[in-house]
Amino acid sequence: MEIMVCICNITVRTYECDSYGHVNNANYLNYLEYARWEFLKDLGFEYSAMVEAGYGIYVARVEIDYKKPAFPEDQLEIKSWSIKKGAVSGIIAQEIWRGEDLLIEAKVTWAFVDKNGMPTKIPPQWDLPGLKPQGD
């Protein structure tokens with residue numbers, strides 16, 4: 001099985017920058033969340049149907065290594081792919097690039113939850129092959 005990598009692009013907006021003139025570190029969380037949403041859409045994951053059925057995907061942990069800053073008007077490319085998946089949770093790796101420069105490396109641990117916010121086994125209709133890392 002070939003690894004599924006989702007690539008999406010954003011432009012840094014001035015209001016996302018701090019007093020140093022570069023993207024505030026908290027805004028990278030928004031960039032990564034947007035890219036994970038696009039990743040799920042690319043997999044064919046029906047997010048609204050999942051929520052309507054009483055389930056959710058919660059972020060349990062985020063690890064970010066900041067390599068280089070981004071600045072207003074930078075064109076950023078965000079790559080997302082699955083690196084681990086179990087019965088109820090997994091990890092998505094993400095990178096943010098500006099041209100040839102790697103700006104951010106991140107790992108986001110997620111858990112599938114029921115209507116009470118408790119971890120639960122992923123039902124088959126949302127347990128898509130692209131959530132599994134290559135070789136699984």
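## A walk through the salt bridges, strands and pocket

Let's start with a network of salt bridges that links Lys68, Asp74, Arg98 and Asp101. A salt bridge here is a side-chain nitrogen of Lys or Arg within 4 Å of a carboxyl oxygen of Asp or Glu. Before going on, note that this is a predicted model, in which local features need pLDDT of at least 70, side-chain atom pairs count only at pLDDT 80 or more, and totals for chains, interfaces and linings use all residues. Residues are numbered from 1 along each chain as its sequence is written, and side-chain values use heavy atoms, with hydrogens and water left out.

The side chains of Asp74 and Arg98 form a salt bridge, 3.0 Å from N to O. Asp74 sits in the loop between S2 and S3 while Arg98 belongs to strand S4, so this pair ties together parts that are 24 residues apart in sequence. Strands are DSSP runs of E with at least two residues, helices are runs of H or I with at least four, and both are numbered from the N terminus. Arg98 also forms a salt bridge with Asp101, where the closest N and O atoms are 3.6 Å apart.

How covered are these residues? We call a residue buried under 20% relative accessible area, exposed over 50% and partly exposed in between, using a 1.4 Å probe and protein chains only. Asp74 is buried at 13%, while Asp101 is partly exposed at 26%. Glu73, in the loop between S2 and strand S3 (75–85), is exposed at 55%. Glu73 also has a positive phi of about 75°, although it is not a glycine. Most residues other than glycine have a negative phi.

Now follow the strands. Two strands pair if DSSP finds at least two bridges between them. S3 and S4 are antiparallel, with 8 bridges, and a hairpin with 3 residues joins them. S4 and S5 also run antiparallel, joined by 10 bridges. Gly90 in S4 stands opposite Lys85, and the bridge partner of Gly90 in S5 is Trp110. Strand S4 (residues 89–98) is mostly covered, with 7 of its 10 residues buried.

Aromatic rings make contacts as well. Rings of Phe, Tyr and Trp (its six-membered ring) pair if their centres lie within 6.5 Å; planes under 30 degrees apart count as stacked, over 60 as edge-to-face and the rest as tilted. By this rule there are 6 aromatic pairs. One of them is the tilted pair of Tyr55 and Phe112, 5.3 Å centre to centre with 40° between the planes. Tyr55 lies in the loop between helix H2 (47–52) and S2, and Phe112 in strand S5, so the pair ties together parts that are 57 residues apart in sequence. Phe112 is buried at 1% relative accessibility, whereas Tyr55 is partly exposed at 26%.

Finally, look for the largest pocket. On a 1 Å grid over the protein atoms alone, a pocket is an open set of points where a 1.4 Å probe fits, with protein on both sides within 12 Å along at least five of seven lines; lining residues have an atom within 4 Å of a point. The lining includes Glu33, Arg36, Trp37 and Trp110. Which element gives the most to this lining? Helix H1 does, with 4 residues.
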